[in-house]
Number of protein chains: 2
Amino acid sequence: MNALNFNHGLMKHSSFCNTNNPLDPEEFRRQGHMIIDFLADYYLNIEKYPVLSQVEPGYLRKRLPESTPYNPESIETILKDVQDHILPGVTHWQSPSYFAYFPSSGSIAGFLGEMLSTGFNVVGFNWISSPAATELESIVMDWLGEMLQLPKSFLFSGNGGGVLQGTTCEAILCTLVAARDQMLLRIGSQNVGKLVVYGSDQTHCSLQKAARIAGINPSNFRAIKTSKRASFSLSPDSLRSAICKDIDAGLIPLFLCATVGTTSTTAIDPLGSLSDVAKDYGLWLHVDAAYAGSVCICPEFRHVIDGVEGANSFSLNAHKWFLTTLDCCCLWVKDPRALIKSLSTNPEYLKNKATDSRQVVDYKDWQLTLSRRFRSLKLWFVLRSYGVAKLRDFLRSHVNMAKLFEGFVTSDKRFEIVVPRSFAVVCFRVLSPGMGKGASNANGTTTNGHTNGYTNGVNGHVNGHANGKGDDHDHNYMKEASTNELNRKLLESINKSGLVFMTHSIVGGVYVIRFAVGATLVEEKHVITAWKVVQEHANAILISENN
Amino acid sequence: MNALNFNHGLMKHSSFCNTNNPLDPEEFRRQGHMIIDFLADYYLNIEKYPVLSQVEPGYLRKRLPESTPYNPESIETILKDVQDHILPGVTHWQSPSYFAYFPSSGSIAGFLGEMLSTGFNVVGFNWISSPAATELESIVMDWLGEMLQLPKSFLFSGNGGGVLQGTTCEAILCTLVAARDQMLLRIGSQNVGKLVVYGSDQTHCSLQKAARIAGINPSNFRAIKTSKRASFSLSPDSLRSAICKDIDAGLIPLFLCATVGTTSTTAIDPLGSLSDVAKDYGLWLHVDAAYAGSVCICPEFRHVIDGVEGANSFSLNAHKWFLTTLDCCCLWVKDPRALIKSLSTNPEYLKNKATDSRQVVDYKDWQLTLSRRFRSLKLWFVLRSYGVAKLRDFLRSHVNMAKLFEGFVTSDKRFEIVVPRSFAVVCFRVLSPGMGKGASNANGTTTNGHTNGYTNGVNGHVNGHANGKGDDHDHNYMKEASTNELNRKLLESINKSGLVFMTHSIVGGVYVIRFAVGATLVEEKHVITAWKVVQEHANAILISENN
């Protein structure tokens with residue numbers, strides 16, 4: 001024990017005294033309370049900011065110093081800079097007038113869970129590194145799986161299991177790699193160039209990216225064409241044809257990603273019949289329900305994932321429309337061993353008795369990375385703070401607000417709903433002057449041919465026989481292009497106002513404005529105002545178009 | 001405008017009234033303050049908990065309900081459950097007596113930045129989705145790059161640039177995929193099976209995993225053997241031989257990951273000469289300085305990354321030893337276009353004028369995933385709250401505390417330092433009774449042959465001619481095995497106490513206990529106590545071994 005008398009005078013100036021420690025509890029308390037007040041005030045005043053940041057590229061470099069300060073700065077100084085320099089460059093995803101992309105619905109419970117996770121700051125790569133992090137994750141994934149009525153085969157109790165990933169991109173890449181390795185074991189790794197991955201032209205871009213990362217030959221990625229007639233859902237027949245064609249060409253079908261709630265229009269791929277096709281040809285079927293999965297906790301929406309029992313894996317983003325802060329992607333798999341086989345590592349420095357006992361889950365082997373945050377805390381907080389009842393209320397309230405907006409659109413003859421609404425996203429557009437409702441027609445199939453639109457414009461051409469050929473067809477095409485341009489202008493004008501933020505997509509050649517209800521703070525009044533903003537900007541643009 | 005009079009009676013029961021909103025500002029304030037106090041108290045009392053959680057596998061399922069509650073629960077109830085049921089299962093990475101793995105050094109500033117990021121909850125995939133998120137990230141990456149004296153070619157000002165990833169695993173996978181695609185463009189994708197990836201047997205397991213994910217043939221992964229003599233650093237000569245052998249075999253060298261501060265022993269690969277080899281054969285050189293990169297902001301340590309100018313990419317984890325909460329991996333690349341070429345996506349629903357202008361960075365194209373958190377806030381808070389001066393103090397204090405511990409070990413003849421200390425990790429072990437200091441010898445090269453150890457044991461065999469052949473060799477081997485077992489027992493006993501937490505590795509056949517100083521709250525007294533604990537448990541085990 002005399003070693004303890006070892007002379008350590010060299011320490012004198014080098015260790016922090018307690019009150020100077022970067023994690024001093026009382027200083028933590030003081031500064032922590034300041035930030036809570038800062039954020040509470042931010043939410044109180046959030047409607048005062050332009051929803052879409054209006055700064056110009058490069059704005060921040062002009063405002064901040066060129067290098068790290070040598071000496072410490074006070075929290076007061078830093079917070080003032082957040083207010084003065086950061087907030088102008090923030091696009092306010094939590095604003096009640098945020099209707100862009102998909103929501104990123106924060107909540108008090110999600111925030112609190114994230115704070116605890118940040119405060120504990122554990123690195124939960126394996127069970128022993130923080131048993132609660134692993135066990136709570138398995139538990140909440142079973143809870144949520146049951147709320148969604150997922151088949152038992154996806155739950156731990158049914159020898160499947162769930163894991164929290166950061167994003168859907170990771171979930172897809174993990175499952176794709178598992179599928180790939182399973183297949184290569186059968187066919188030999190020299191055949192990797194023959195593997196084919198399938199989605200639709202509406203599938204999220206992360207599928208193609210994951211395929212590229214996983215070394216799938218880029219020419220073996222199939223984005224199967226969808227049509228407006230089928231509401232942009234993936235046709236099982238088209239899939240089957242594509243698969244047969246590939247097999248005939250000597251290729252090997254590997255992986256299908258079906259989507260419930262596509263990004264552009266929230267289209268729903270038919271899981272039941274797609275899984276039949278997948279089964280027939282031995283494909284791994286992943287279901288990406290990033291957006292719409294959450295709403296399946298409401299019985300009236302559960303049918304959209306009917307057929308999920310035929311899938312190998314299923315994922316949804318709790319950070320989109322489930323009150324859980326970014327990032328939190330819930331992935332369930334039927335066969336965790338397939339993931340583990342591809343993704344496990346076992347270096348000496350991580351070996352431990354619990355792992356050796358095989359009685360525990362080591363989530364590092366279910367994901368791309370080693371380190372992982374204690375994400376389950378925030379999801380657990382959300383599930384408990386709101387309960388099944390309020391979570392359903394919350395989701396339904398958004399669907400109803402989307403219905404409200406949809407009603408506004410349909411009651412104004414200058415506008416049309418481009419794709420039927422399924423959840424809380426409304427895809428609409430303004431029609432060119434003189435264009436009838438329903439005249440939009442990217443696939444050249446039918447138009448209703450009525451002139452029930454806005455007909456007082458100089459371009460107020462009666463569009464009675466739009467489904468003609470030749471000149472009429474060209475004319476239609478040009479009409480569509482100018483309508484797209486009109487909507488592009490309208491959206492830009494709306495977003496420039498800072499009053500609301502919406503985004504767009506193009507489906508079947510038609511530029512649509514997406515109105516996605518989902519911000520936690522949104523109320524009817526914001527939807528009503530948003531519609532007013534749309535109308536006012538449409539008025540202005542249509543008038544200027546006519547002059 | 002009459003559309004606004006649209007009957008929306010259906011809304012009556014479905015939208016949240018304000019005070020019931022999951023993001024109500026005043027309720028946020030109330031609950032937020034509660035959590036701050038909860039965490040401040042947690043830090044105050046953190047020494048009361050066993051550092052390594054002592055629960056048994058499955059403990060939590062027994063304590064929690066089987067499903068999500070139907071009705072909301074109060075924050076008070078949930079926090080009580082955190083205290084009663086979660087904390088027992090937490091391994092306390094923030095404890096001052098945490099010396100395991102690598103540190104996960106939280107701080108007030110890091111926490112505050114993370115809170116703001118969580119509160120804003122923006123999804124910063126591209127510039128427009130929150131300009132401040134992108135611009136602040138570019139700025140702090142330049143700041144930190146300058147602190148590290150990285151060559152200008154890694155900074156935005158020098159046409160390179162930095163990006164915040166979640167973990168090193170992601171950083172390696174991104175750069176590997178970029179390197180792979182660059183190479184395949186030259187040699188054709190049909191040659192993917194010929195690509196070879198190099199590291200050492202000390203390189204972090206994430207390299208091998210990344211190679212597997214990226215579709216590199218598993219038989220083309222080279223973990224080049226290191227030796228104790230060279231302090232487990234990667235020998236440029238060995239690398240060159242391996243490369244030549246592969247080229248002779250018709251394979252194509254692709255990627256080298258050099259490490260500054262390996263996981264087992266914080267070994268330092270010589271960047272200068274390795275980059276010469278990489279250049280000779282056209283390999284992409286990535287430098288993984290996950291742990292030790294941070295300390296390079298101290299001029300006296302900067303030399304360990306000398307030669308980094310020859311690398312293509314460089315990464316460090318600010319969430320390890322730089323006061324920034326998990327996750328925050330800083331990756332710099334010389335040629336961002338290579339990353340972008342492999343990882344970019346451009347779906348219609350993300351198109352925007354800023355992107356089209358090419359005046360902005362869209363970080364989604366620099367990483368695996370689309371969605372990304374506003375991570376730069378926490379790093380910016382850390383840099384400003386502490387400044388260069390305190391950050392250096394902080395790192396140096398840990399190095400000095402490691403020196404202190406090292407002194408304890410060397411002054412007790414029953415122990416030895418297995419690998420020379422480079423930073424704040426001490427790799428040590430207890431010697432078997434009768435084993436001389438320095439007798440440890442996994443590679444069968446030399447032993448010092450003195451009996452200056454602990455010689456009062458029943459196994460107090462004088463080990464004077466240990467570098468012999470035959471019987472002596474076998475005897476040595478068995479001695480090593482039993483010493484390893486002794487240290488395994490010692491570590492298990494230490495960690496069972498709950499007083500401290502350390503972990504192990506095996507290098508060159510020798511089981512080492514790793515004492516990693518890095519918890520933010522650590523002070524000299526904890527290091528002194530840790531040594532006491534080690535001695536006490538060693539006493540007990542050595543006595544029982546002798547009986």
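What is the volume of the largest pocket? In this predicted model, the figure comes out at about 1100 Å³. A total of 41 residues line the largest pocket, and those that lie nearest its centre are Val192(A), Gly215(A), Ile216(A), Val192(B) and Gly215(B). Sorted by class, the lining of the largest pocket splits into 14 nonpolar, 14 polar and 13 charged residues.

Is Thr175(B) buried or exposed? Its relative accessible area is 0%, so Thr175(B) counts as buried. Leaving aside residues up to four places away in sequence, Thr175(B) touches Phe255(B), Trp284(B) and His286(B), along with Ser313(B), Leu331(B), Val333(B) and Leu339(B).

Now for the way the two chains meet. Contacts link 180 residues of chain B with 179 residues of chain A. Between them, the two chains bury about 16600 Å², and carbon and sulfur atoms account for 66% of that area. Which three residues supply more of the area that chain B buries against chain A than any other three? They are Phe28(B), Tyr349(B) and Arg384(B), and their share is 5%. For the complex, the predictor gives an ipTM of 0.91 and a pTM of 0.92.

Of the contacts in chain A between residues at least 6 apart in sequence, 75% join residues at least 24 apart.

Confidence in chain A comes next. The mean pLDDT of chain A is 91, with 89% of its residues at 70 or more. Residues 1-18 of chain A have a pLDDT below 50, and this stretch has 37 contacts in the model beyond near neighbours in sequence. The pLDDT is also below 50 over residues 439-468 of chain A, a stretch with 63 contacts beyond near neighbours in sequence. Where pLDDT is low, the predicted coordinates should not be read in detail.

A few backbone details are worth a look. Most peptide bonds are trans, and most residues other than glycine have a negative phi. Leu326(A) and Asp327(A), however, are joined by a cis peptide bond, with omega at about -5 degrees. Asp327(A) sits in the loop between α9 (318-321) and β8 (329-333) of chain A. In chain B, the peptide bond from Leu326(B) to Asp327(B) is cis too, its omega being near 0 degrees, and Asp327(B) is found in the loop between α9 (318-321) and β8 (329-333) of that chain.

Positive phi values turn up as well. Phe232(A) is not a glycine, yet its phi is positive, near 60 degrees. This residue belongs to the loop between β4 (221-224) and α7 (236-248) of chain A. Why does Phe232(A) count as buried? Because its relative accessibility is 2%, and buried means under 20%. In chain B, Asn121(B), again not a glycine, has a positive phi of about 50 degrees. Asn121(B) lies in the loop between α3 (108-120) and α4 (131-147) of chain B, and with a relative accessibility of 2% it also counts as buried.

Notes. Residues numbered from 1 in each chain as written. Chains lettered and ligands numbered in written order. Predicted model: local features only at pLDDT ≥ 70, side-chain atom pairs only at ≥ 80, totals over all residues. Heavy atoms only, no water. 1 Å grid on protein atoms, 1.4 Å probe; cavity = no way out; pocket = protein on both sides within 12 Å on 5 of 7 lines; lining within 4 Å. Points joined across faces, edges and corners; volume = space filled by probe spheres on them. Nonpolar A, V, L, I, M, F, W, Y, C, P; charged D, E, K, R; others polar. pLDDT = per-residue confidence, 0-100. Contact = heavy atoms within 4.5 Å. Buried < 20%, exposed > 50% of the residue type's maximum accessible area, 1.4 Å probe, protein only. Buried area = accessible area lost by both parts, 1.4 Å probe. Helix = DSSP H or I, 4+ residues; strand = E, 2+ residues; numbered from the N terminus.
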